[in-house]
Amino acid sequence: MADTLEFNEIYQEVKGSMNDGRLRLSRQGVIFKNSKTGKVDNIQASELAEGVWRRVALGHGLKLLTKNGHVYKYDGFRESEFDKLSDFFKAHYCLELAEKDLCVKGWNWGTVRFGGQLLSFDIGEQPVFEIPLSNVSQCTTGKNEVTLEFHQNDDAEVSLMEVRFYVPPTQEDGVDPVEAFAQNVLSKADVIQATGDAICIFRELQCLTPRGRYDIRIYPTFLHLHGKTFDYKIPYTTVLRLFLLPHKDQRQMFFVISLDPPIKQGQTRYHFLILLFSKDEDISLTLNMNEEEVEKRFEGRLTKNMSGSLYEMVSRVMKALVNRKITVPGNFQGHSGAQCITCSYKASSGLLYPLERGFIYVHKPPVHIRFDEISFVNFARGTTTTRSFDFEIETKQGTQYTFSSIEREEYGKLFDFVNAKKLNIKNRGLKEGMKQSYDEYADSDEDQHDAYLERMKEEGKIREENANDSSDGSGEETDESFNPGEEDDDVAEEFDSNASASSSSGDGDSDRDDKKPAKKAKIVKDRKPRKKQPESKKGKDPNAPKRPMSAYMLWLNASREKIKSDHPGISITDLSKKAGELWKAMSKEKKEEWDRKAEDARRDYEKAMKEYSVGSKAESHRGERSKKKKKKQEKQMKGKGDKKGATSKSSSSKSPAKSMSDTFKSREFVSSDESSSAESKKEDSEEEGAASPPPSSEDSASGSD
């Protein structure tokens, strides 16, 4: 018999919702991994007390009960898999997999049994339905009646909100059956009650999501966020992961708490709780427990009196109470030496942290993507400039995340990181040896040496250096492809003003010259003024005085750094909004001070403009005189040329028709560029030299006659 059994597309029932995932049964126990959250439930074989096989809505289901009273339900099995599971339970867990069918009589009168975390309503020996008491959010009593209220399930279209039980009166000695029923429910229910004092309190912590400053009260079973407007109670059972991330400025720290299910405020869901700390903040903390209780409960992880940085104290207390590891950035280092990359996601700027087992983006909106749910990644050219690029991630569920405006210098570091983690890169396609080596039930950090990967790293670095050199030498941005090493030949477009510069268009033009020379001359005439139009436009004089700034702009330039220091990590748009609010709230006396400065700047500008206008007039006068002198010289040169042309014309008129046909060229064949006048002069001189001998021979012939 096999040592392990694996099942895909299995559904686990948790708080009324069915979570898709994978189930593995081994000698050591049962492991279920949630496909959506990546959370792993591990049940040791020694903890299993009972296994039940039954027919459910999604085919057949398996119910496992542990010795400490916990119940786990897995649905989605086929009927034919019962024998295989039954034999496996007998061989490895020494348990008999019992078959129990649900009662479908439709009766509403029966017996309630409490077993561990489960309330079972039975008719005879068959259960009708079962309620996990961890789903109960409130329990209220009335006369002969008990009402159970349940947590709302956001993933389900229809949620069961309450169930009422009628409890008949009994004549037992001094025991109220209604109160006994309610006490059994409340002892196992997930009801948050702030009974007793908090273990410790952190005052006025800066929270980015949900935004604001909150007092955090730490209770044994839940976390209480108390703000000016809203309060949130977060059970520790809903905490998935903890992250401690250094800010890029090396002066602040993010502490991120991943939640499932999320905390709710109206229609808004917060899947992440993000706290921002300054590294300089210190605190001395005293737990509201005696030393014996602290030692017994936390086993040395916490002490009654602690002191240190604020972020260290918060993370240490949360780690001890939630009993989960804190994830920190791994070996990745960006171009600037930071462990994160500055980028934008959904029009908001933030930081992307490449971790050992995934990516996390903070902070608006926060995104956590595990490596085992990534289908492929893609490096794309930036939409507005080639100085940056986009990093795209697509998950196996088809969700796409695009992190844009990443500096080009970060490309090599990120490319090497993705290669080392054996993620599929869409630009390159799937190659052999690039398949992910992740365990389906636990992440693996083991990287095997791959010669292909090493070669791709070296080629990527060389291509990046060549691309940087070419971009620096050009002096301007080009619309080249982002993929390194791929260069296209520059071919002028059909409607480009410089289209005649390309070889193909030049060949085509020469063919047209032979066939339709007149049409070619007309096109050249039309293009002449188009080339001269940009030259006629006057640019702005760099020597002209700059316009004075308004009072608001003078104040903003002086106050910008102060606003940034008061609001660390503020974006440009938020800074502008904040500055507008501060200016609007400023008193009239303070505004008058900046108005006076603006008035002084305006006077200085007017004075400088007067001096500039006097100097520019004198310069324009000198320019006009030089233009007139130049025109006069051109007229003189033109007059001499006309005389010379007249003498050559008179001499050429005496030549015979044969010599004229050999040397004369039509104007349609004369080029219309700037060198055409020089060529025509050369041709005229050749005509004159060729035509001068024949008249002398004619004269001699006529003399002989």
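Residues are numbered from 1 along each chain as its sequence is written, and side-chain values rest on heavy atoms, without hydrogens or water. Because the model is predicted, local features require pLDDT of at least 70 and side-chain atom pairs pLDDT 80 or more, whereas totals for chains, interfaces and linings use all residues.

The structure contains 29 aromatic pairs, a pair being two rings of Phe, Tyr or Trp (its six-membered ring) with centres within 6.5 Å; planes under 30 degrees apart are termed stacked, over 60 edge-to-face, and the rest tilted. Phe121 and Phe129 form a stacked pair, with 5.2 Å between centres and 15° between planes. Phe121 is buried at 8% relative accessibility, whereas Phe129 is partly exposed at 32%; buried denotes under 20% relative accessible area, exposed over 50%, and partly exposed the range in between (1.4 Å probe, protein chains only).

The pair of Trp555 and Trp583 is tilted, because the ring centres are 5.6 Å apart and the planes stand at 45°. Trp555 belongs to helix α9 (residues 551-566) and Trp583 to helix α10 (residues 572-585), so the pair ties together parts 28 residues apart in sequence. Helices (H or I, at least four residues) and strands (E, at least two) are DSSP runs numbered from the N terminus. Trp555 is buried at 7% relative accessibility, and Trp583 is buried at 16%. Ring pairs also join Phe332, Phe359, Phe371, Phe379, Phe389, Phe391, Tyr411, Phe415 and Phe417 into a cluster.

Charges placed over rings were also identified (NZ of Lys or CZ of Arg within 6 Å of the ring centre and within 35 degrees of the ring normal). Lys105 lies over the face of Trp107, 4.6 Å from the ring centre. The charged end of Lys597 is positioned over the ring of Trp594, at 4.1 Å from its centre.

The structure holds 0 disulfides, defined as pairs of cysteine sulfur atoms within 2.5 Å. Cys139 is buried, with a relative accessible area of 9%, and Cys200 is buried at 4%.

Met289 is located in the loop between β22 (282-286) and α3 (291-298) and is buried at 13% relative accessibility. Contacts of Met289, not counting residues up to four places away in sequence, comprise Ile199, Val294, Arg297, Phe298 and Lys304, where contact means heavy atoms within 4.5 Å. Met289 and Lys304 are separated by 15 residues in sequence and by 7.0 Å in space, C-alpha to C-alpha.
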